[in-house]
Amino acid sequence: MENTNETVKNVAPKDEAKKRRNKWIGRGIIIGLFVLAIVIYFAVPSVHSSIGAIIEMFKSGDFDRMHDFIAKYGKWAMLVSTLLMIFQSIAAPLPAFFITLTNANLFGWWQGCILSWVSSMIGAVMCFYIARILGRDIVEKICTKGALLQIEEFFAKYGKKCILIARLLPFISFDVVSYAAGLTAMDFWGFFIATGVGQMPACIVYSYVGGMLTGGARLMFMGLVCLFALAILVIVIKQAFTASEKRKMEAAKAAGTEYKTEGINIARGVSKVYNTALWAMVVGLIAMRVPSLTAAWNVGWVFYGVWILALMITLLIRKLDFGVKFTLINTVASGILTFVLAGSAIMRKPAGLVRMGLCMSSVSLDVFNMILAAFVVVGLFLSIGLWTHKNKKKDD
Amino acid sequence: MKKILVGILAGVMALSLCACGGGGDTSDSDVDYKEIITDKDAGTVSVYGTVNGMFFDQSTMHFMVYEGGSMAEKCMVKAFADSQDFYDAMMEIGGKPGNETTDKIADGEFVKGQPVDVTITWDGQDDPVSWEDFTKLEDGSKAKMDFVFGGNKQNNETAGSGCIACNNSCWAGITSNKAYAFGDVDAMKPGVYLNDKVAPADGTVVKVTFTLK
């Protein structure tokens, strides 16, 4: 028995030392490659100018330039496309969807889609490992043990879902997500699967649907993908909250005390989002009537700015509640004010305000009118419905 | 409760999809809207853009702005082509830019340059419509029109506004209407609007032609 214990004790440090050695070798290789790349970039003029031209091409956003650049390599075009995708993954701020569009155009939609998916997966894996090998130890040193444990626990439980959400949201950089995931303790295969699944819709959209849908419809499609991602986000938050409540309850039970939970007050949150949006619309429409303001500012931002500010303030004041009566009166009053402020342009001004703030004038005002109408109706019913439901529950 | 939420979500998605269908696709695959069309003999440069219906009810000093410019959301017609390329095209057909300012001009000042005529056409409207008919003043009357090729390419690049044509004199617009001084339209003296009796609906692709005089 003693012998076995001794063997275990001897093997563990050996494994640890081997792991550490491998890590240092990995670091050496990555840093060596980086240094080599930097030396070549500055020492070889043709490489310097070629990389400059590639970055310029990405920055220009010119699809035709990208197309011609990849196409001129003939049978090597697929390899060049893959290398470009990896390059853009490591040099984070460059947009990848140009390559996806070009691949679909050059090799056909499904072949292009597969190529884009595979190459972006290679890029994501490389970013993940670069961050893990170079940065993980630094994170461990910077964070306190308690904080690190909490973060680790969160990522172990919800990491995959977080990656999936980040991949679905087009405005979050793919490469930053990969680097960030590498810094956490989440396992590689979890990252790999979530990335693969999350990346698929964007690949398909840009390869197939992207070619068919134009401006507004494409944006609406992306909007639906965002909606889907946000729905997953809500589920993750709810799960995290439930787990935390359960922990507190168990701790209270162990201490022999009683823990009373308030739960997530959805009714309160929804009615705050809804009511503050109405105020923001009225303020935005007033701002639209001030020529000096419209000349100097994008007044659409006034709407979003006031909305966010009012929402933050009302959320911070936890005791503040907007009941059914308040929501109804606010809706009617805001509606009347909107009519007064917009006048005969009622079908254009509110929609124009919202559209301007999003800088999306390629989408017609009709679309924004429909979204606004849906928001007012759904928001009103949701606010009132949730409050009624909450009060009924209380009475029971 | 879950059923209600799912129902609402489905309703919003259905509405969004309807909106997708009714989005008013104005694209025409045969035409490259990014292209700037030049005709040296006729002395014309034409640029494509989309009408921003917001300015039927809102005054703006920006008539046509490149979609990548900082003023793209504040103009009557959002152009597909870059203002810098538009300047080069105007030079190519023999335009003589004013190039008089190297910096901002003050409110009340005017821009100089070769006079330019501005007309607009769109699908179903082959006869060119003059800028003075395409726009209107607050009382519905015609605005005064005296466009010039101000040039000022460097100013345009520095400002990053993407301005191709301004409704009053401007130091950053490649062309601008010197019938009004800089700052006039922003100060509502007078306010300039899209003319809802003439101009096409929001999102319609139009071709704006600049003719050297």
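Two residues are in contact if their C-beta atoms, placed from the backbone, lie within 7 Å. The views below show a predicted model.

**Figure 1. Surroundings of Val65(B) in the largest nonpolar core.** With neighbours within four places in sequence left aside, Val65(B) is in contact with Met71(B), Ala72(B), Cys75(B), Lys78(B), Ala79(B), Ser161(B), Gly162(B), Cys163(B) and Ile164(B). The largest nonpolar core has 77 residues, and Val65(B) is one of those that touch the most other members, a group that also includes Val47(B), Met64(B), Val77(B), Ala79(B), Phe86(B) and Ile164(B). Helix 11 of chain A (residues 266-288) gives the most to this core, contributing nine residues. Another core lies apart from it and has 14 residues, including Phe128(A), Cys162(A), Ile163(A) and Ile165(A).

**Figure 2. The crossing of helix 11 and helix 13 of chain A.** Chain A contains 16 helices and zero strands. The axis of helix 11 comes within 8 Å of the axis of helix 13 (residues 299-316), and the two cross at roughly 145°. The crossing of helix 11 past helix 13 is right-handed. On the side of helix 11, the contact is made by Lys272(A), Val273(A), Thr276(A), Ala277(A), Trp279(A), Ala280(A), Met281(A), Val283(A), Gly284(A), Ala287(A) and Met288(A). Helix 13 takes part through Val299(A), Val302(A), Phe303(A), Val306(A), Trp307(A), Ala310(A), Leu311(A), Thr314(A) and Leu315(A).

**Figure 3. Buried and exposed residues of helix 14 of chain A.** Helix 14 covers residues 324-342; at 1.5 Å a residue its 19 residues should span 27 Å, and its end C-alpha atoms are 27 Å apart, which agrees. The buried residues of this helix include Thr327(A), Asn330(A), Thr338(A) and Ala342(A). Viewed down the helix axis, the buried residues of helix 14 fall within an arc of 70°, so they line one face of the helix. An α-helix has 3.6 residues a turn, so residues three or four places apart point the same way. Lys325(A), Ile329(A), Val332(A), Ile336(A), Phe339(A) and Val340(A) are exposed on the other side of helix 14. Just after the helix, Gly343(A) adopts a positive phi of about 60°.

**Figure 4. Positive phi at Cys359(A) and Asn152(B).** Cys359(A) has a phi near 50°, a positive value in a residue other than glycine. The loop that holds Cys359(A) runs between helix 15 (349-358) and helix 16 (365-395) of chain A. Cys359(A) counts as partly exposed because it has 13 C-beta neighbours inside 10 Å. Asn152(B), which is not a glycine, likewise has a positive phi, of about 50°. Asn152(B) is placed in the loop between strand 8 (147-149) and helix 4 (153-159) of chain B. Asn152(B) counts as buried because it has 28 C-beta neighbours inside 10 Å.

**Figure 5. Val116(B) in strand 5 of chain B.** Chain B has four helices and twelve strands, and buried residues make up 45% of its 213 residues. Strand 5, residues 114-122, contains Val116(B). Val116(B) is buried, since 26 other C-beta atoms lie within 10 Å. Although Val116(B) and Leu212(B) are 96 residues apart along the chain, their C-alpha atoms are separated by 4.7 Å. Not counting residues up to four places away in sequence, Val116(B) touches Phe147(B), Val148(B), Phe149(B), Thr175(B), Phe210(B), Thr211(B), Leu212(B) and Lys213(B). Of the contacts in chain B between residues at least 6 apart in sequence, 70% join residues at least 24 apart.

Figure 6. With 31 other C-beta atoms within 10 Å, Cys170(B) is buried. Its contacts, leaving aside neighbours within four places in sequence, are with Val111(B), Cys163(B), Ser176(B) and Phe182(B). The C-alpha atoms of Cys170(B) and Ala181(B), eleven residues apart along the chain, are separated by 7.9 Å. Pro190(B) belongs to the loop between strand 10 (175-177) and strand 11 (192-194) of chain B.

Methods
Residues are numbered from 1 along each chain as its sequence is written. Chains are lettered from A and ligands numbered from 1 in the order in which they are written. This is a predicted model: local features need pLDDT of at least 70, side-chain atom pairs count only at pLDDT 80 or more; totals for chains, interfaces and linings use all residues. A nonpolar core is a set of buried Ala, Val, Leu, Ile, Met, Phe, Trp, Tyr and Cys residues joined through C-beta atoms within 7 Å. A residue is buried if 20 or more other C-beta atoms lie within 10 Å of its own, exposed if 12 or fewer, and partly exposed in between; C-beta atoms are placed from the backbone. The expected span of a helix is 1.5 Å times one less than its number of residues. The arc is that of the directions from the helix axis to the C-beta atoms. Axes are lines fitted to C-alpha atoms, for helices over the stretch in contact, and angles run from 0 to 180 degrees between N-to-C directions. A crossing is left-handed if the near helix is turned anticlockwise from the far one by less than a right angle, and right-handed if clockwise.
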